[in-house]
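Subject: Structure handover

Hello,

Here is the structure I promised to pass on. Please look through it first, then read my notes below.

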Amino acid sequence: MKDTTALQPSVYSRSEHSISRSQINENALKVLSRLEKAGFDAYLVGGCVRDLLLGREPKDFDVATNASPEEVKQVFRNCRLIGKRFRLAHVYYGREIIEVATFRGSSNKTSEHQKTHEDGRLLRDNIYGTLEEDVWRRDFTVNALYYTIRDFSVIDYVNGMKDHQEGVLRLIGNPEVRYREDPVRMLRAIRFAVKLGFSLDINCEQPIYKLGKLLTGIPNARLYDETLKLFLSGYALQAFEMLRHYGLFAILFPQTDGCLASENHDFPRVFLIKALENSDKRIALGKSITPYFLFSAFLWEAVQIKVKKKLEAGENQYFALQHAAHEVLKLQVKTTAIPKRVTQSMREVWTLQLRFEQRTHSKVYRLFNHPRFRAAYDFLVLRAETGGANTELAQWWTTFQDVDSKQQEKMLSAVHKNGGKYRRPSKTSVN
Ligand code: ATP
Ligand code: MG
């Protein structure tokens, strides 16, 4: 390992780190070698190097190069240029995309290629530079390690390797300036802390309490994307706890936070925690998860509070729920731009909750065949498990799905005979 003096990187040779070529995605290797052959420098950088060093499979492979986006496009036929704030090249291999970014230049070269908001936020950052300059534009030291296939070494300008070994997330440069430049880095800090099990360096942690509110200036589409990454990566419960701790959850989900703050019993919190736990468990088991389910859970209590008021004002149950859902979603999309198809599914999950109670023959089968039945049923079970719905009702629907059609008929006539109230059928009546 070479020694570090100012601006001299530490270079970790192949024998000094644990990344082996065989762990690296074939297409990413192709991109690196094609760029090198065309006479450019190209490195793997960011999350993939960080994750490879931890022995984890990276989510994606990012490449940094001294080729401009246009030059990258000339090297690859299967390439598209995207982005305004950061211009990037996407190289396509079937459905897989390798993202290729040109080295960012230093921010004191002000020009029309870089634009900063009066609050310090970087609105455009398209000044190109060298690897030495690119390093300082990155967020955390552990995200600023560069891997080259020239000699399979890792290049480290910021003591990222040491932080990596110690499990510390440290922002490069002055944390407050870096958060002001891009407040989303606060959410990234939390996401990486929970995902990697790393701790936040104290200087990186302290400003968050004060600067969290800057997130309100971030476009709602970007916040939605970050929210998905925070809650759909298998560490949702920890992310929730940590976001709450730093006061950031209130910014992302103000209505939910309001319910948690004013709760006069434990239900909303227990319900949410169970929803987050279930979703983490599903991911651990390799099952699919959908954003609409979790968002339905986040906003359910806020909807319920509005429903209650509307019922008191004389609205019927159906309209009270529709109007409450509309109002809650309208407010929520101001912070996180939940797409229409997702809000539509959320409404369905909520509306179907009313229909579980109605167990006439035709209504039961119509509900049973509804495309959102399974999610709505899971939601009912979640409510029942946490004291928010009738457990017998949830159990009835569980049994109903398990038995054959003859037995289903018996269950329905039992409900019918009982004046719509469910009585557990005796063993003989089901068998
Ligand atoms: P993962 O892909 O596992 O979520 P990642 O670290 O690769 O994590 P990306 O969003 O893919 O995150 O970004 C790739 C790299 O680009 C980061 O590792 C970091 O070096 C840099 N980067 C991304 N977003 C920012 C940002 N907001 N500020 C500074 N650097 C960033
Ligand atoms: Mg990445």
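Start with R191. R191 touches K59, E226, K229 and L230, leaving out residues up to four places away in sequence. Contact here means heavy atoms within 4.5 Å. R191 belongs to helix α7 (residues 184-196). R191 is buried, at 6% relative accessibility. The scale is this: buried is under 20% relative accessible area, exposed is over 50%, and partly exposed is in between, with a 1.4 Å probe and protein chains only.

A word on the ground rules. This is a predicted model, where local features need pLDDT of at least 70 and side-chain atom pairs count only at pLDDT 80 or more, while totals for chains, interfaces and linings use all residues. Residues are numbered from 1 along each chain as its sequence is written, chains are lettered from A and ligands numbered from 1 in the order in which they are written, and side-chain values use heavy atoms, with hydrogens and water left out.

The overall picture

The chain has 431 residues, and 50% of them count as buried. It holds 21 helices and twelve strands. Both are DSSP runs numbered from the N terminus: helices are H or I with at least four residues, strands are E with at least two. The C-alpha trace spans about 85 × 45 × 40 Å along its principal axes. There are two assigned domains: domain 1 (10-163) and domain 2 (269-430). These bounds come from an automatic or database domain assignment. The domain centres, taken over C-alpha atoms, are 45 Å apart. Among contacts with a separation of 6 or more, 65% come from residues 24 or more positions apart.

The metal site

What coordinates the magnesium ion (ligand 2)? D60 (OD) and D62 (OD) do, at 2.3 to 2.8 Å. Donors are N, O and S atoms within 2.8 Å of the metal (3.2 Å for Na, K and Ca); water is not among the atoms, so the site may look incomplete. D60 is partly exposed at 34%. D62 is partly exposed too, at 23%.

E99 is in contact with D62, and also with F61, V63, L88, A89 and H90, leaving aside neighbours within four places in sequence. E99 lies in strand β6 (residues 96-102). E99 is partly exposed, at 29%. Its side chain makes a polar contact with the side chain of H90, at 2.9 Å. A polar contact is a pair of N or O atoms within 3.5 Å; within protein, one must be able to donate a hydrogen and the other to accept it, and residues adjacent in sequence count only if both atoms are side-chain atoms. C259 is 160 residues from E99 along the chain, and their C-alpha atoms are separated by 40 Å.

Aromatic residues

How many aromatic pairs are there? The count is 28. Rings of Phe, Tyr and Trp (its six-membered ring) pair if their centres lie within 6.5 Å; planes under 30 degrees apart are stacked, over 60 edge-to-face, and the rest tilted. F293 and F379 form an edge-to-face pair, 5.7 Å centre to centre with 80 degrees between the planes. This pair links distant parts of the chain, 86 residues apart: F293 is in helix α14 (residues 291-312) and F379 in helix α18 (residues 373-385). Both F293 and F379 are buried.

F368 and F373 are also edge-to-face, at 5.2 Å and 85 degrees. F368 is partly exposed at 24%, whereas F373 is buried at 4%. One aromatic cluster takes in F356, Y365, F368, F373, Y377, W396, W397 and F400.

W397 sits in helix α19 (residues 391-402). W397 is buried, at 0%. Not counting residues up to four places away, W397 touches F356, R359, V364, L367, F373, Y377 and L380. The charged end of R359 sits over the ring of W396, 4.9 Å from its centre. That label requires NZ of Lys or CZ of Arg within 6 Å of the ring centre and within 35 degrees of the ring normal.

T335 is in helix α15 (residues 317-335). T335 is buried, at 17%. A polar atom of its side chain lies 3.4 Å from the backbone oxygen of L252. In helix α10 (residues 236-245), the buried residues include A236, L237 and F240. G247 follows α10 with a positive phi, near 75 degrees.

Best wishes
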